Structures are given as structure tokens and as C-alpha cells.
Amino acid sequence: MKIQQQQQMRFKPTILLSILVLLILMFSTLSVFIAEHPILPFDIKVSLLIQKLQSGWMDQLMLAISFFGELPYSLLSVLLVAGIFYWQKFRREAFYIAMVLFSGLIILGVKNLVNRPRPTTFYVRLVEVNRFQSYPSGHVLSYVLFFGFLIILMRTLKQIPLVTRNFITGISAFLVLMIAPSRIYLGAHWFTDTIGGFLLGIICLFPLCYFYFRNKPVEKV
């Protein structure tokens with residue numbers, strides 16, 4: 001039994017590393033393709049399909065979903081949540097939540113390298129006008145990384161009341177699932193921008209979780 005457990009523990013890091021390498025390859029391939037083909041008919045079709053749902057209340061809903069990814073609110077949200085964890089004596093968790101802010105440097109670097117222009121009114125309806133380049137979506141990256149890490153923490157920190165953990169998990173999962181459609185609906189991004197943001201978000205989540213769990217003190221039973 002012990003030998004079987006040791007083999008499983010040995011294979012687990014190998015599997016995770018293989019998944020990470022695959023994600024990096026997928027993101028790199030997509031990035032090169034987008035750099036060479038900034039305007040894709042498929043992207044335009046997806047945007048027009050999603051924007052068929054347009055209405056006044058839908059505009060407001062999608063803007064609300066994207067709110068936490070806008071500067072300076074994204075910065076303030078991360079610092080506020082990190083502060084709450086620190087105040088509640090979860091100081092390691094507060095530190096790793098604050099590390100999410102460094103993803104801003106990564107997204108700016110990739111955006112400048114690929115240099116894909118934003119969607120324009122020639123192709124889609126613009127509800128929101130944005131600065132910087134289009135690929136990958138910084139909103140999607142930050143939501144996957146920040147809210148994804150919160151979900152992992154809520155499944156890990158049993159000291160927090162179950163009702164609170166379930167509530168935060170539900171809200172976080174909703175935002176992670178809806179951020180990509182909201183960015184496309186608002187005309188802020190193409191579909192492939194959101195795919196790139198999702199892949200890069202998962203890639204960034206890997207080392208964050210790795211170092212968090214590697215250095216996590218063993219809880220006494």
C-alpha cells in the first residue's frame with residue numbers, strides 16, 4: 001500500500017508538469033498564429049453571434065461582470081482581499097493573493113509582443129472602448145488567476161465557515177465563467193483573445209499554487 005502511494009506521489013508532479021508544458025505550447029502556438037493573423041473571420045462570427053443578445057440591461061450586466069478587471073479597481077480588489085485575509089490571520093494566503101498583481105507585468109509584455117489591435121466599429125458593436133493591445137485578454141487572465149486561486153483556497157481552508165466558502169466559490173466560479181463572454185459582448189476582445197487569456201491565466205496559476213502548497217505548513221490532526 002505504501003509503495004503504491006509513493007508511486008502515485010512520484011507520478012503526480014510529472015503529470016502536472018506535462019500539463020503545464022502542453023498549456024505553454026498551446027499558448028505559444030496561438031500567440032504566433034494571432035501575431036500573423038490579427039483579424040480572423042471566425043472571431044468576427046463569434047462576436048456578432050454573441051452581440052445578437054444586445055439590450056440595455058445586458059450592457060449593464062456585462063459591464064458589471066468586467067468591473068473587477070478595470071484599473072484601478074482590479075488593483076484595489078486584490079489588495080482589499082489580501083488585506084482581509086491578513087486581518088483574519090491568513091498571512092501566507094494574503095501574501096500569495098498579493099502575488100497575483102505581478103500578472104499585470106506579464107500581460108503587458110505579451111500584449112506588446114503580439115501587438116494585436118482591438119476590435120473596431122467596422123467589425124463589431126463597441127460598448128466599451130479600451131486602451132492597449134487586444135491579445136491576450138487581461139481581464140480573462142486576471143479573473144482565472146485571482147478568482148481561480150480564491151476557489152482553491154476556499155476548498156483548502158477548512159477553518160473558514162462552510163457557508164462562506166461556498167458563497168465565495170460560487171461567486172468566483174460565476175465570474176470566471178462569464179468574463180470571456182462579457183469581453184466579447186462588450187466588443188473589447190475577440191474570442192481568441194479570451195482563449196489566450198484563459199490559457200495564460202492557468203499557466204500563471206500553476207506556479208502560484210505550486211509554491212503555496214509546497215511551503216504550506218503541515219496541519220496537525
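The legends below describe views of a predicted model.

View 1. Helices (H or I, at least four residues) and strands (E, at least two) are DSSP runs, numbered from the N terminus. Along its principal axes, the C-alpha trace spans about 60 × 35 × 30 Å. Of the 221 residues, 42% count as buried, meaning under 20% relative accessible area with a 1.4 Å probe and protein chains only.

**View 2. The largest pocket holds about 760 Å³ of space.** A pocket is an open set of points on a 1 Å grid over the protein atoms alone, where a 1.4 Å probe fits, with protein on both sides within 12 Å along at least five of seven lines; lining residues have an atom within 4 Å of a point. The volume is the space filled by probe spheres set on the points, which are joined across faces, edges and corners.

**View 3. The lining of the largest pocket comprises 30 residues.** Gly 69, Leu 71, Ser 74, Ile 107 and Gly 138 lie nearest the pocket centre. At least two lining residues come from each of α4 (73-87), α6 (103-114) and α7 (138-156); α7 gives the most, with seven.

**View 4. Thr 121 sits in the loop between α6 and α7.** Thr 121 has a relative accessible area of 63%, and exposed means over 50%. Its C-alpha atom is separated by 16 Å from that of Phe 191, 70 residues apart along the chain.

Residues are numbered from 1 along each chain as its sequence is written. In this predicted model, local features need pLDDT of at least 70 and side-chain atom pairs count only at pLDDT 80 or more, while totals for chains, interfaces and linings use all residues; side-chain values use heavy atoms, with hydrogens and water left out.
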